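Here is a short tour of this structure, written to be read with the model open beside you. Shall we take a look together at what holds its parts in place?

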Amino acid sequence: MSLLEIKNLHISIGDKAIVKGFNLTIKPGEVHAIMGPNGTGKSTLAKAIAGHPSYTITGGDVILDGKSILAMQPDERARSGLFLAFQYPSEIPGVSIANFLRAAVQARMAEGEELDASGYYKKLYSKMDLLKIDRKFTSRAVNDGFSGGEKKRCEILQMAMLEPHFALMDETDSGLDIDALRIVADGVNTLRSGPLGILLITHYQRLLDYIVPDFVHVMYDGRIVKSGNKSLALELEAKGYDWVKQEFAAANA
Amino acid sequence: MASLTSHSATTVGAFTAEVFAAHLARVQHLPAWWLDRKRTAYARFAALPFPKRTDEGWRFSHLSGLSLDGYQLAAPINHQQVTKQDLGAPGAGTLLLANHQVVYAEPLAAKFAQQGVIFTTLQEALLKHSDLVRPHLLAQPSKLGSEKFVALHEAFLENGAFIYVPRNVTVDLPLGVFHYASGTGTALFPHTLVVAEENAKVTIADFFRSSTGAGAQFACGGNDLYAGHGAQVTYLAMQDWSRETLSFQFNATVARRDTRVLSINLHAGARQARHESFSQLQAPGAHSEMLALTIAHGTQEFDQRTLQIHQAPNTSSNLLYKNALLDQAKTIFSGLIVVDPDAQKTDAYQSNRNLMLSDEAEANSLPGLEIQANDVRCTHGATSARIDAEQEFYLESRGINPTQAQELLVFGFFEEVLGKIENSQLHDSLAEIIREKFKA
């Protein structure tokens, strides 16, 4: 069975420890929301698991389907079934979404195997129809001059095409107005019906009104300090993060 | 006496008076005026010194790489050695010259021939259309530093392509010319001459390739593009010589009133390649677009020198040279815009952009302006930027390996120029040459 296990993970940027013993196991079909105040290591966690070179993993392990991914390059991790939906997706001028996705799909094929162009476009268009994305979208350069909402829809389209086992969604709601948020959440919910496991990172509860999580975890000072279900998110919304901070301070006193 | 001999040997390299005599013997059937010009050119070549370190036109160039020793005139080749090449789609005609001989030709489509269009070898044009060739063939001065090598080109020019489009005729399909160098040590002197008369319209694709497994070669080529009043000329050159070749390419463009000249040069091949491009905007309304893409890897050196001269009011030019550098590759761009005193309302643009994919690569830029009119708009600029690490990570996070990610980013960087190629087959031909560079 497909499984993503994050075990006692420690991550640093330079000499600064950011994530300090993070533990979580995600099963297929589960949506885990990670909430927490700014600067607590949520985005660091997502980017480091995806293999971003600015982050150093100093301890612990990340195991995907029984295999540690820490020795893998970012592209190998992605091909193993991991997907990072970026908080701030890069703009790639001059590279169309169609060509970009084609390269990503081709990268998943065996060496010497040629991509069937008509099959590729058929799949691309069916995913676009599913996500209600206009077909003209794919001839545009990747994220180049896109609005916040368009960038996030582009991330969801990539996720739909690449069919990862696990998606790390980093602040997917940031920079979106409520209409854009609803569209993006609809997209995620559409993909959610299958075996996809999701780690949903968010600062605000409002995203969880649209993408209802199975589990909610509160992250503070580099680790999970509280776990619960959807009601935990509502409690946070009502009480604010100070409540978590105080509780954490008391526990460590 | 001994010292004189050794001096002349270093000045002419393999191209001695004896070798020149052998070349002349091969082309003695050509018109006397042309043979006279070749003799004069040879004398000029032999007399001119090699470029020196202190020559402004050779700043940053690897001068010892310019040695002319060890080459020989192109030998006749077996036609079976050359595989048929075409544009990958119906064109108006194709000409494949291997070691200066025609080995394959798809004649000009009848509907264009009937309208007076000429598409033939330069030798045949010299024999049959001397009056059309003579005013334009190597008629422009060499101003960018390679006087010696331009003279060498003229002296040894043996064959090439001639394209003539009469007034008001549109050739709506591209013409394809392939210059093919076969054999190690071969010296090739290709030339393409394009004459587009008033309101004529034509697209030419000029390919430069070496035979498979060819070692060091010497390619010293040129093209003359003449655009008469209202003419529209699109010229694409794809330089993909063997990786050990020393290459020179000299371009001279003359743009008359209300012309549109678009030239796109792709530089991929050779060990060391020098490209000199000289555009003259001679009459009001003339517009010249000079675009170039260079994909440099290994220890390749690409040396590009350009001159845009605005000689009449209301003329415009746009130069964009984009270089992608990998490994220990080196590029040099030196460009000058000159605006003559009465060329008011000139609109000239010059830009060199370098994408660095390696910390060991070296890009040199020397942009320049010389403006003598007071009501003009001229801008120039040069930038060098390291490939963006966040963009690389973004692509890799989608499963694309680092080499493919770089390839995609280079294509993205080049798209501004590639996007100007309307013909999709030609677009794909260029893209394929670029793609090959990432497989090496």
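## A salt bridge in chain A

Let us begin with A:Lys123 and A:Glu163, whose side chains form a salt bridge with an N to O distance of 3.6 Å. The pair connects distant parts of the chain, 40 residues apart: A:Lys123 belongs to helix H4 (residues 117-130) of chain A, while A:Glu163 lies in the loop between helix H5 (148-162) and strand S9 (166-170) of chain A. Please keep in mind that this is a predicted model.

How exposed are the two partners? A:Lys123 has a relative accessible area of 30% and is partly exposed. A:Glu163 is also classed as partly exposed, because its relative accessibility of 46% falls between the 20% and 50% limits.

## Salt bridges in chain B

Over all chains, the count of salt bridges comes to 38. One of them, in chain B, brings together the side chains of B:Arg26 and B:Glu158, at 3.1 Å from N to O. These two residues are 132 residues apart and link distant parts of the chain, with B:Arg26 in helix H2 (residues 17-26) of chain B and B:Glu158 in the loop between helix H7 (147-156) and strand S5 (161-165) of chain B. B:Arg26 is partly exposed, with a relative accessible area of 33%, whereas B:Glu158 is buried, at 11%.

Another pair worth a visit is B:Arg305 and B:Asp303, whose side chains meet in a salt bridge at 2.7 Å, N to O. Are these residues buried or exposed? Both B:Arg305 and B:Asp303 are buried. Chain B also has a network in which salt bridges with shared partners join B:Glu407, B:Glu432, B:Arg435, B:Glu436 and B:Lys439.

## Parallel strands in chain B

Now to the strands. Strand S9 (residues 201-210) of chain B and strand S11 (residues 232-240) of chain B run parallel and are joined by nine bridges. Here B:Phe207 stands opposite B:Met238, a residue of S11(B).

S11(B) also pairs with strand S13 (residues 260-267) of chain B, again in parallel, through eight bridges. In this pairing, B:Thr234 has B:Leu262 in S13(B) as its bridge partner.

## Where the chains meet

The contact between the chains involves 30 residues from chain A and 19 residues from chain B. About 1900 Å² is buried between them, and carbon and sulfur atoms give 66% of that area. Which residues of chain B lose the most area to chain A? They are B:Phe393, B:Tyr394 and B:Arg398, which together make up 42% of what that side buries.

The rule finds one salt bridge across the interface of chain B and chain A. Between the two chains, 12 residue pairs are in polar contact. On the side of chain B that touches chain A, the elements giving two or more residues are helix H8 (389-396) and helix H9 (402-418) of chain B. H9(B) gives the most, with eight residues. By residue type, this side of chain B divides into nine nonpolar, six polar and four charged residues.

Terms used: Residues numbered from 1 in each chain as written. Chains lettered and ligands numbered in written order. Predicted model: local features only at pLDDT ≥ 70, side-chain atom pairs only at ≥ 80, totals over all residues. Heavy atoms only, no water. Contact = heavy atoms within 4.5 Å. Buried area = accessible area lost by both parts, 1.4 Å probe. Salt bridge = Lys/Arg side-chain N within 4 Å of Asp/Glu carboxyl O. Polar contact = N/O pair within 3.5 Å; in protein donor to acceptor, adjacent residues only side chain to side chain. Helix = DSSP H or I, 4+ residues; strand = E, 2+ residues; numbered from the N terminus. Nonpolar A, V, L, I, M, F, W, Y, C, P; charged D, E, K, R; others polar. Pairing = 2+ DSSP bridges. Buried < 20%, exposed > 50% of the residue type's maximum accessible area, 1.4 Å probe, protein only.
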